[in-house]
Amino acid sequence: MKSFTIQEINDLLKGELIGNTNQKINSPEQLEMAKNDEISFIGNKKYEKLWETSQACAAVVNQDISIEPGENRAFIKVKNADLAMSQVLELFAPPPPAFHTDIHPNAVIDATAKIGNGSRIGAGCYIGPNVVIGENTTIYPNVTVLDECTIGNRTTIWSGTVVRERCHIGNDCIVHPNATIGADGFGFRPCAERGLVKIPQIGNVIIGNGVEIGANSCVDRGKFSSTVLGDGCKIDNLVQIGHNSRLGKFCIMAGNSGLAGSVTLGNGVIIGGSASIKDHTTIGDGAIVGAGSGVTCDIPAGKTMLGYPAIEARDALKQWAILKRLVRESCGK
């Protein structure tokens with residue numbers, strides 16, 4: 001088990017140590033559940049009240065903290081407690097699942113595939129013809145990578161993922177379990193003679209560098225060219241990205257949100273949980289779509305939208321306040 005002194009953790013964070021503790025720190029934990037050998041964090045002043053009843057011997061805190069740590073307890077003051085705590089979590093993180101051999105003998109790898117130095121492929125994987133995998137990439141058991149795909153350096157693909165033919169994943173990406181990259185887009189047209197006619201989806205998916213895709217999420221291939229996820233995008237679990245959508249850099253999509261086909265997101269767009277975006281819609285740089293909202297038209301850069309259909313947040317809040325008042329008045333309250 002890993003353990004560190006408060007001074008060793010402060011040396012890592014380069015913060016300001018307030019108070020002290022002689023207790024060895026064995027793990028991080030949230031304030032309410034922490035024991036006296038654990039470190040926690042206070043990222044918002046409203047949680048200061050929890051410190052008195054917490055058993056944690058130390059906490060990483062923001063610089064605006066207004067309480068004292070107390071006897072044999074310590075604070076590490078930093079500019080951003082959330083970011084600093086990520087370093088603490090990395091410090092205590094257990095090792096990833098072990099590979100006893102880099103290429104498991106039960107993996108099926110086509111003779112034309114190219115595997116870079118230091119890459120590891122687990123049991124039950126299938127790596128198809130003309131696939132290129134970069135260096136120091138990890139592919140956990142039971143992953144399927146079909147023909148002519150490329151996967152960059154230092155990327156991690158977790159079990160159950162399927163990467164369909166001709167799709168490309170960049171460097172330093174993480175694809176969580178059971179994600180599907182490059183399934184057919186949802187394209188059908190009614191026909192009097194044939195019913196619903198399937199429209200062939202002959203494009204692919206291109207994923208940039210530093211992208212993370214959550215468990216059970218789907219990124220559909222383009223009908224014509226490519227569905228594109230820009231560098232640094234972070235996609236939560238159970239997210240749907242429709243065919244020919246294009247995401248700029250550093251976009252965030254929270255769980256259960258979805259893009260219909262041919263949606264364009266600028267850089268730094270945030271899509272809240274369970275939000276849905278209509279096809280052929282453009283959302284400008286830095287815009288925010290609130291959780292549960294439904295976007296039916298283009299959104300200018302920097303706007304925050306709420307509701308269904310989504311409108312500017314301040315207008316939505318006014319409407320909700322008026323509706324609430326009307327309901328109260330109609331009920332005589």
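A residue counts as exposed when its relative accessible area is over 50%, and as buried when that area is under 20%. Please also keep in mind that this is a predicted model.

With that cut-off, Phe 186 is exposed, because its relative accessibility is 71%. Phe 186 has an aromatic partner, Phe 188: the pair is edge-to-face, with 5.2 Å from centre to centre and 70° between the planes. Phe 188 itself is partly exposed, at 33% relative accessibility.

Phe 186 also brings us to the largest pocket, where it is among the lining residues nearest the centre, together with Arg 189, His 243, Gly 261 and Asp 279. In total, 18 residues line this pocket, and its space comes to about 340 Å³.

I now turn to the aromatic pairs in general. How many does a search of the whole structure find? There are five aromatic pairs. In one of them, Phe 4 and Phe 92 have ring centres 5.2 Å apart and planes at 90°, so this pair is edge-to-face. Phe 4 belongs to the segment before α1 and Phe 92 to helix α2, so the pair ties together parts that are 88 residues apart in sequence. Phe 4 is buried, at 19% relative accessible area, and Phe 92 is buried as well, at 12%.

Elsewhere, ring pairs join Phe 99, Tyr 140 and Trp 158 into a cluster. Finally, Arg 73 sits over the face of Trp 51, 3.8 Å from the ring centre.

Methods:
Residues numbered from 1 in each chain as written. Predicted model: local features only at pLDDT ≥ 70, side-chain atom pairs only at ≥ 80, totals over all residues. Heavy atoms only, no water. 1 Å grid on protein atoms, 1.4 Å probe; cavity = no way out; pocket = protein on both sides within 12 Å on 5 of 7 lines; lining within 4 Å. Points joined across faces, edges and corners; volume = space filled by probe spheres on them. Phe/Tyr/Trp six-rings, centres within 6.5 Å; stacked < 30°, edge-to-face > 60°. Helix = DSSP H or I, 4+ residues; strand = E, 2+ residues; numbered from the N terminus. Buried < 20%, exposed > 50% of the residue type's maximum accessible area, 1.4 Å probe, protein only. Lys NZ or Arg CZ within 6 Å of the ring centre and 35° of its normal.
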